[in-house]
Each structure stands twice: as structure tokens, then as C-alpha cells.
Amino acid sequence: MTTDAAALARYDEIAEELAPRGARRSQMFGMPCLKDVHGKAFAGLHGDELVCRLGRTSAEHAEALALTGAHLFDPAGGRPMKDWVCVPDSAADRWHRYAQAALAAPR
């Protein structure tokens with residue numbers, strides 16, 4: 001899966017913004033991801049989508065999933081990760097908000 005330069009730049013901005021709160025860059029499922037201070041992944045960049053662990057019962061999860069083009073993250077195909085939402089590039093103006101919510105969400 002390829003990632004365009006604009007999506008990568010937005011992801012990099014998010015990583016820099018959340019670094020003072022303990023977020024660090026890593027890899028998960030072959031994609032760049034962000035982990036919290038405990039080493040738990042909370043966001044990543046899958047192609048041109050921001051993937052966020054929002055928690056299936058949160059308001060942010062329901063809101064993100066309602067966006068056109070959004071879907072549950074399914075890295076293996078056939079077993080979607082119910083707490084994780086792929087936020088499409090068409091909603092990139094909301095990426096920062098969902099990344100912040102994912103970092104704050106209980107794990």
C-alpha cells in the first residue's frame with residue numbers, strides 16, 4: 001500500500017504534536033505507528049488513512065466510523081479490529097482530533 005506525500009506530512013505533524021505527551025514513532029503491521037509511553041500503539045498510517053484506536057464504545061469511534069469512507073481496520077483481511085477505525089484522507093481535517101482522542105483513550 002502506498003502513501004502519498006501529503007498524508008505522510010499530516011501524519012508527521014501529528015507525531016510531532018503528540019511527542020511532548022509521550023507519543024513515539026514505531027512500526028505495526030508494516031506501517032508507521034505511534035505508541036504511548038507504555039509502548040501501546042494508538043494510531044498509525046495505513047496508505048492514505050489514519051488508523052486510530054478509539055475504543056468501540058466511545059463517541060469518537062461512532063463519529064469517526066460514520067464518516068464517508070471510514071471503516072474498521074482489518075490488517076489481515078476477515079478479522080476487523082473493532083476498536084480501530086480507519087479515517088480516510090477525505091477527512092484529514094479531523095486526523096489531529098482523532099489521534100488525540102486515541103492517545104487519551106483507555107487501553
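Exposed means over 50% relative accessible area, buried means under 20%, and partly exposed lies in between. Keep these cut-offs at hand for the exercises on this predicted model.

**Exercise 1.** Classify Glu 16 by accessibility, then find its salt-bridge partner and the network they belong to.

*Solution.* Start with the area: Glu 16 has a relative accessible area of 53%, so it is exposed. Next, look for its partner: Glu 16 forms a salt bridge with Arg 25, with the closest N and O atoms 3.3 Å apart. Arg 25, at 43%, counts as partly exposed.

**Exercise 2.** Work out which parts of the chain the salt bridge between Asp 89 and Arg 10 ties together.

*Solution.* First, check the pair: their side chains meet at 2.0 Å, N to O. Then place each residue: Asp 89 is in the loop between β6 and α3, and Arg 10 is in helix α1, so the bridge ties together parts that are 79 residues apart in sequence.

**Exercise 3.** Is Glu 49 buried or exposed, and what does its side chain contact?

*Solution.* Glu 49, in strand β4, is buried yet has no salt bridge. The nearest side chain of opposite charge, Arg 10, is 11 Å away. Look instead to His 71: the two side chains make a polar contact at 2.9 Å.

Terms used:
Residues numbered from 1 in each chain as written. Predicted model: local features only at pLDDT ≥ 70, side-chain atom pairs only at ≥ 80, totals over all residues. Heavy atoms only, no water. Helix = DSSP H or I, 4+ residues; strand = E, 2+ residues; numbered from the N terminus. Buried < 20%, exposed > 50% of the residue type's maximum accessible area, 1.4 Å probe, protein only. Lys, Arg positive; Asp, Glu negative; His and termini not counted. Salt bridge = Lys/Arg side-chain N within 4 Å of Asp/Glu carboxyl O. Polar contact = N/O pair within 3.5 Å; in protein donor to acceptor, adjacent residues only side chain to side chain.
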